[in-house]
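Here are my notes for you to read with the model open. Take them one at a time and find each spot on screen as you go.

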Amino acid sequence: MPTPAQLHHPDISPEMVSKIDEVIAAHLKTEGAVIPVLRLCQDIVGYLPMLLIDYISYGLNIPRSEVLGVATFYSLFSLKPKGRHTIKACLGTACYVKGIKEVITRISNEFNLKEGETTPDRRFSLEAVRCLGACGLAPVLVVDQDTHGGVSASQLKSLLEHYE
Amino acid sequence: MNKPRIQLMLCGGSGCQATRSRKFQDALEKELERTRLDQEVKVIETGCNGFCAVGPVMLVQPEGIFYQKLTADDVAELVEEHFLKGRPVKRLQYVEPASKETIPNMNDIPFFAHQKFRVMRNKGMIDPEIIDEYIARDGYFGAAKALTEMSPEQIISEMKISGLRGRGGAGFPTGLKWEFAGKSPGDEKYVLCNADEGDPGAFMDRSILEADPHSVLEGMIIAARAIKANKGYIYCRTEYPLALHRLDLAIKQAREYGLLGKNILESGFDFDIEVYQGAGAFVCGEETALMRSIEGKRGMPRPRPPFPANKGLWEKPTVLNNVETFANIAQIILNGGEWFAEIGTETSKGTKVFALTGAVNNIGLVEVPMGITLRQMIFDIGGGIPKKRKFKAVQLGGPSGGCIPAQCLDTPIDYEEIAKVGAIMGSGGVIVMDEKTCMVDMARFFLDFIQDESCGKCTPCREGTRRLLEIIEKICQGNGEQVDIRTLEKLSAVIKNSSLCGLGQTAPNPVLSTLRYFKDEYIAHIVDKKCPAKRCTALLGFKIDPDQCKKCGLCFSACPANAITWQKKEVAEINREKCIECMSCYEACRFNAID
């Protein structure tokens, strides 16, 4: 396996590399550090490119298979780039009972966007998430940091217009 | 510092924050400052109040007046009329839907009046970010008693007397669990708190952590003392940013006060707690998987025995309890096990917190004494079903639980009684369903969830749940055959008997319980190729019944694809070629005219 002495990747800037190095250095002696390190690195870059997985594995001296194994097991980690705006559709039971399925179908049709994927122009990523606990507002859609309650399929277009 | 004349306990739980409580709070604080009332009237952001349906909510103390659905536009009137002139604003108070009567006082509102607060006794009463407020309400007195006056054996015996059972869902007696771990040899032991609340429709643990984080820490300290552990972890979902923030703050404050760390309260006992963030895997709520995850591995369960009480985290004896279980403990130690056992049924003692959601009027968090019936919870506290629809079923226990139909509504809340009707107590998710819910579709929903979250380690769960899902999907598509019902039952039995962990062993429950009570709906899907609740699109005709159509045009304006033609005083018509089957017309029609 090549040892990635330097991280050359279009989505990773030199500032990001130094932050990543700090994260790895801080966790060298911690037991069970893979999950926190992956989380912090993903916060820095936005997602986890394969090259970064290699870099972490090399830095923590943990087999690549194990790091990738953890990264693919947990839904928090994404190996693919995300869009500028993330649409999270709550798949909690309350939202389901109140019709989130129709909302998701509408988004899929409108933007040709499947669950867990990103539009080619990287405008939106669509995620189906577990109960957000805002069941009183069901069905709930979270776009970036904004929570939209009582969403219906027919008002989607005007709702998403604001996110360019 | 002068005590403020009025305290405004504004709910800052996730539900109210989602309904813009922050915006209201900013406006309120500005207005109080402008009117120079900010010394007399204090705004305190509390944890989840529980009545999420009418959020943002605020309690005015000491009067006990309850305001709901607050917006920034209400601020000026509220400050002027109530806080300045002492005239409560009636239009922002709770109105009883049946009698149309305004109820100003929180404790008189039926939603609160029928509850019994123990675990949630501090919710909405204290600022969860200030440890002194918790201490002022007897906080850490239980831990002090356990550490300075009681031996570990006495703590465990008190726990056994209380009859407290694990609130995570399985209901294992807590005292017994502690006894096993206490007797297990080893110098290094761990106390873990399971805050990886993953059941869809459940948010009890999050609300407790947001409203009263110290109660969980205190419970953990007592547990650590009982089994002689020096290190604890709270495994919390990463999707709960507010709970994580408050936990971090609470731990920091407890350390400053010498309630965590070395030599707690001069007792010679050391204990510290660390928060570990999950990374989004439902199976990590299973105890052995959770421990794997803390070790930094893929969160996959392992066979038991050995049980965690003997070999848990890093192969050391470990006690794992749920958030709500820990929140009960300080009061048991302080008031005694017998006090705790006064409430409840023969085998289920104390109270239980439920997240009441779905097709019910008063959505929110409720705490009820064990032994009251499901009917009381849904109709007296929950306020019944909205839109004059009929109750169909209630789902208890999330994906591992089952649906309980109307004829079993008088079942008391009790671990054994609920199991008898085919569901489980579970962690506390209660989802009410009305006649518009298709039970086959519901089973499909839970299977889809389980199948997605199955860790893949054992074959029955990995492959079996996928096959179950395929069959159900086939039925929903209108391609079901009579033999499918039999196959579902057989396959479910295999998965139940042969899966490795609780996730797989309970995975078929949603199928089995809907088959038990709603077989006619399966048959309608399979034989008549109809979905009685009109949810499964493949089985719908998208045709307008001219006899039922009231020619109102609601469907016409709802259709996003311009597939409906309609003119005044004429029956609408759906053009199937343009139709995208989005169901908007079904939702819009008030006369059930679309088939």
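Which residues in H18(B) meet which residues in H19(B)?

1. **Ground rules.** This is a predicted model, in which local features need pLDDT of at least 70, side-chain atom pairs count only at pLDDT 80 or more, and totals for chains, interfaces and linings use all residues. Residues are numbered from 1 along each chain as its sequence is written, chains are lettered from A and ligands numbered from 1 in the order in which they are written, and side-chain values use heavy atoms, with hydrogens and water left out.

2. **The H18–H19 pair.** Back to that opening question. On the H18(B) side you'll find B:Pro460, B:Gly464, B:Thr465, B:Arg467, B:Leu468, B:Ile471, B:Ile472, B:Lys474 and B:Ile475, and they meet B:Asp484, B:Thr487, B:Leu488, B:Leu491, B:Ser492, B:Ile495 and B:Ser498 in H19(B). Contact here means heavy atoms within 4.5 Å. By class, this contact has eight nonpolar, five polar and three charged residues. For the classes, Ala, Val, Leu, Ile, Met, Phe, Trp, Tyr, Cys and Pro count as nonpolar, Asp, Glu, Lys and Arg as charged, and the others, Gly among them, as polar.

3. **How those two helices lie.** H18 covers residues 459–476 of chain B and H19 covers residues 483–498; they pack at an angle of about 160°, with their axes 10 Å apart. That makes H18(B) roughly antiparallel to H19(B). (Angles under 35 degrees count as roughly parallel, over 145 as roughly antiparallel, 65 to 115 as roughly perpendicular and the rest as oblique.) The axes are lines fitted to C-alpha atoms, for helices over the stretch in contact, and angles run from 0 to 180 degrees between N-to-C directions. Helices themselves (H or I, at least four residues) and strands (E, at least two) are DSSP runs, numbered from the N terminus.

4. Now try H8 (residues 174–183) and H10 (residues 213–227) of chain B, whose axes come within 8 Å and cross at roughly 45°. H8(B) and H10(B) are therefore oblique to each other. B:Trp178, B:Ala181 and B:Gly182 in H8(B) meet B:Ile222, B:Ala223, B:Ala226 and B:Ile227 in H10(B). That contact divides into six nonpolar residues, one polar and no charged.

5. **A helix tucked away.** Is H9(B) enclosed or open? Eight of the eight residues of H9 (residues 204–211) of chain B are buried, so this helix is largely enclosed by the rest of the structure. Buried means under 20% relative accessible area, exposed over 50%, partly exposed in between (1.4 Å probe, protein chains only).

6. **Aromatic pairs.** A search of the whole structure finds 21 of them over all chains. B:Phe66 and B:Phe112 form one that is edge-to-face, 5.5 Å centre to centre with 70° between the planes. (Rings of Phe, Tyr and Trp, its six-membered ring, pair if their centres lie within 6.5 Å; planes under 30 degrees apart count as stacked, over 60 as edge-to-face and the rest as tilted.) B:Phe66 sits in strand S4 and B:Phe112 in helix H4 of chain B, so the pair ties together parts that are 46 residues apart in sequence.

7. **Around B:Tyr233.** This residue is in strand S8 (residues 231–236) of chain B and is buried, with a relative accessible area of 9%. B:Tyr233 touches several residues beyond its sequence neighbours, including B:Tyr190, B:Met220 and B:Trp314. B:Tyr190 is buried too, at 6% relative accessibility, while B:Trp314 is partly exposed at 22%.

8. **Over to chain A.** Chain A has seven helices and four strands, and 53% of its 164 residues count as buried. Find A:Tyr74 in the loop between helix H4 (64–73) and strand S1 (85–90) of chain A. At 1% relative accessibility, A:Tyr74 counts as buried. What does A:Tyr74 touch? Among its contacts are A:Ile35 and, in chain B, B:Tyr235, B:Cys284 and B:Arg298.

Conventions: Lists of a residue's contacts leave out its neighbours within four places in sequence.
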